[in-house]
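Please open the model in your viewer and keep the sequence panel beside it. The tour below goes from stop to stop, saying what to select and what is there.

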Amino acid sequence: MTAPGQVPDTLDLADHGRLAINGMLGSLDPAVDYECTFLSILDVHPAYMLHWSTMVSGVMPKYVEALPLLRQMSGSGQDRDIEQGFIEAMLKNAEEDGLIYDRATEKRPWNVGGYYGNADWNEDYANMAGNGRFITGLLYWHQITGDDVWLKRARRTAERMLALAIVEGDRGWYPNPGVGNDFSYPRKSGWTTRAAPEKATEGFEGGAMFYLFQPLRGWSRYWRATGEERFLDLSRKFVNTGLREEFWGGAADMSPEAGAERGHFKIHFHASMAAIRGVLDYALVADDYRAKEFAHNAYLYARSTGIHRLGLFPTHHEATEGCSIADMTGMAVTLSDAGLGDYWDDVEMYARNGLIEAQATDLEELERVSREGRERPPESSWGGRFDGRFTQKNNRGVLPGQEINHRVLERTIGAFGHLAGARYQTPMMMHCCTANCGQALYYAWEGIVRREADGAVVNLWLNRRSPWVDVTSWLPHEGRLVVQNKGMTRLSVRKPGWTGRGAIRCRLDGKDVAPVWRGTRMVFEGLNGGEQLVIQTPCKPEKVTYTLVNIVDPLNSHERYEIAFKGHTVIEVKEIADATKVEGDTSYGEGARNWYRLFRRAHMRAGQVSTKATPGYVHPEKLVHWTAV
């Protein structure tokens, strides 16, 4: 056991939430109304950040969602002044009609022609998917502050989105005129077309359903908060448009129509799963079983790709976008809460592995990646490997004020990006991933333990201090969980899938006890409120081999790994050589060898766990309720 005032130094998601605040607020540029940069380019020196088209209405609403969640889970007060400036800028932007717009101003020459949108059509535009997320963020702030002004702001945005929707009979949608990001509303021109989406790959990003179904995430929560049936009805009409067969179907697993019925997909993993999340949110508030089943089946299909025990879900070749891991985490928690399955093991797998590996946490490693890259003077006519200005369509090269070079690596700590197989982070942080993965940290953290009446329910064997119990995990070093009761009369602890009932020993204040088993739950009742519960079970290393399956071309997925687990934690990953390619090579080429390395976990293979001082922060009794359940 540990000394008084000490706890094992094992994974604490609250620490990662604290870092995520640094990465998120570090991406903001106060000189341009606190607009976020989109990319941090890390494989050159000096490293630099880039402004990009459609960030204001496309990505920054996700920051509005993420910040209250990260503050609650971590207790961090870092950079409150920057957060305040950001929130004020977003609210000012929305003053006119409730929508967030990317504005065509001289100080934002990247408004269009930074990958997204017609470079010759430059006016203010509102990403409708992002504005749906803005509603969700405003409702989170309403929960955390209790101030109805946030609900009034959410109402303005929701009403404007309702007024702009195209409705014909029992179907609804937003059209895609081509200004700014896909399916965005031109403020001056208005809709220049009323056409419904025709194919799943429509638009610059090739993810039409992402843009159709993201608004449902805001409307579902707005209906929960207000009971306004018009938004439930509009959501249903959008679902009627988007669940048609032509928008769905997997690569090669079954007939196209059968795959479409089951929510299978073969394009952009994140765009597809983010859309499914909107469908699931609607389905839960509307009690629409057809849509629930569709979303559930889509999750199961997606889970069968990648390597789900690692939390890796590539779209094409080997690249997993951080947003995809966030989507799968959110889906797993929501499906579990909705009673559509028990996916808490999945949540813990994702959180312990892919999710935290997608976060940049090691400054020395970032410095090495930058130092070993080419020297690049700021605003050069070439860039790092993932600087799309020089490689992607619809870019206008280097624009005034587009690059930021000040303290980039320090500001990148806590940000999220993409993973190259199970070997590297790509040397590019993408701040949609920072916003989405930051929220996924909260999804998993909030699910660790919940209060139910006079009891506490522990779902995950991860660390968390709460007003009801303190949960302390020795994993992966030992199969030991300690639950310190702080006033509850009943405790329920879920058994993880990697161990069996017969291997578990429970002690209450040092005395062996036999729990009452209810399914996978160990239940302890009649408590006095101050007990210490210790649960122990063997946790031996397990070696398995997995093939990384990409969702676009699953029949040609051959990248294989030998992976060692203890419980749900990866402790070692080794790539298995493929005779068809040069030894050590990857689909990214030789340069990938100097990238940020993943799964450097030798310390987790040690039997002895180090300790640290018990964290002082205990979150408030009332937390933001983020699901639509």
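This is a predicted model: local features need pLDDT of at least 70, side-chain atom pairs count only at pLDDT 80 or more; totals for chains, interfaces and linings use all residues.

Residues are numbered from 1 along each chain as its sequence is written, and side-chain values use heavy atoms, with hydrogens and water left out.

**Stop one: α7 and α8**

Select residues 208-226, which form helix α7, together with residues 229-242, which form helix α8; the two pack at an angle of about 160°, with their axes 9 Å apart. Helices here are DSSP runs of H or I with at least four residues, strands are runs of E with at least two, and both are numbered from the N terminus. Axes are lines fitted to C-alpha atoms, for helices over the stretch in contact, and the angles run from 0 to 180 degrees between N-to-C directions. The helices α7 and α8 are therefore roughly antiparallel to each other, given that angles under 35 degrees count as roughly parallel, over 145 as roughly antiparallel, 65 to 115 as roughly perpendicular and the rest as oblique. Now show the side chains at the contact (heavy atoms within 4.5 Å), where α7 contributes residues including Phe213, Trp219 and Trp223, and α8 contributes residues including Phe231, Leu232 and Phe238. By class, the residues of this contact of α7 with α8 divide into 12 nonpolar, three polar and one charged; Ala, Val, Leu, Ile, Met, Phe, Trp, Tyr, Cys and Pro count as nonpolar, Asp, Glu, Lys and Arg as charged, and the others, Gly among them, as polar.

**Stop two: α3 and α16**

Next select helix α3 (residues 60-74) and helix α16 (residues 431-448), which pack at an angle of about 40° with their axes 9 Å apart. The helices α3 and α16 are therefore oblique to each other. Among the residues that make the contact are Tyr63, Leu69 and Met73 of α3 and Ala435, Leu441 and Trp445 of α16. The contact of α3 with α16 has 10 nonpolar, five polar and two charged residues.

**Stop three: histidine 418**

Move to histidine 418, which lies in strand β14 (residues 417-420). Is histidine 418 buried or exposed? At 15% relative accessibility, histidine 418 counts as buried, where buried means under 20% relative accessible area, exposed over 50% and partly exposed in between, with a 1.4 Å probe and protein chains only. Leaving aside neighbours within four places in sequence, the contacts of histidine 418 include Thr320, Tyr424 and Cys433.

**Stop four: salt bridges**

The structure holds 51 salt bridges, each being a side-chain nitrogen of Lys or Arg within 4 Å of a carboxyl oxygen of Asp or Glu. Begin with arginine 80 and glutamate 83, whose closest N and O atoms are 3.4 Å apart; both residues lie in helix α4 (residues 80-93), three residues apart, about one turn of the helix. Arginine 80 is partly exposed at 43% relative accessibility, whereas glutamate 83 is buried at 6%.

Then select lysine 292 and aspartate 287, a salt bridge with the closest N and O atoms 2.7 Å apart. Lysine 292 is buried, with a relative accessible area of 14%, while aspartate 287 is exposed, with 56%.

Finish with glutamate 525 and arginine 518, whose side chains meet in a salt bridge at 3.5 Å, N to O.
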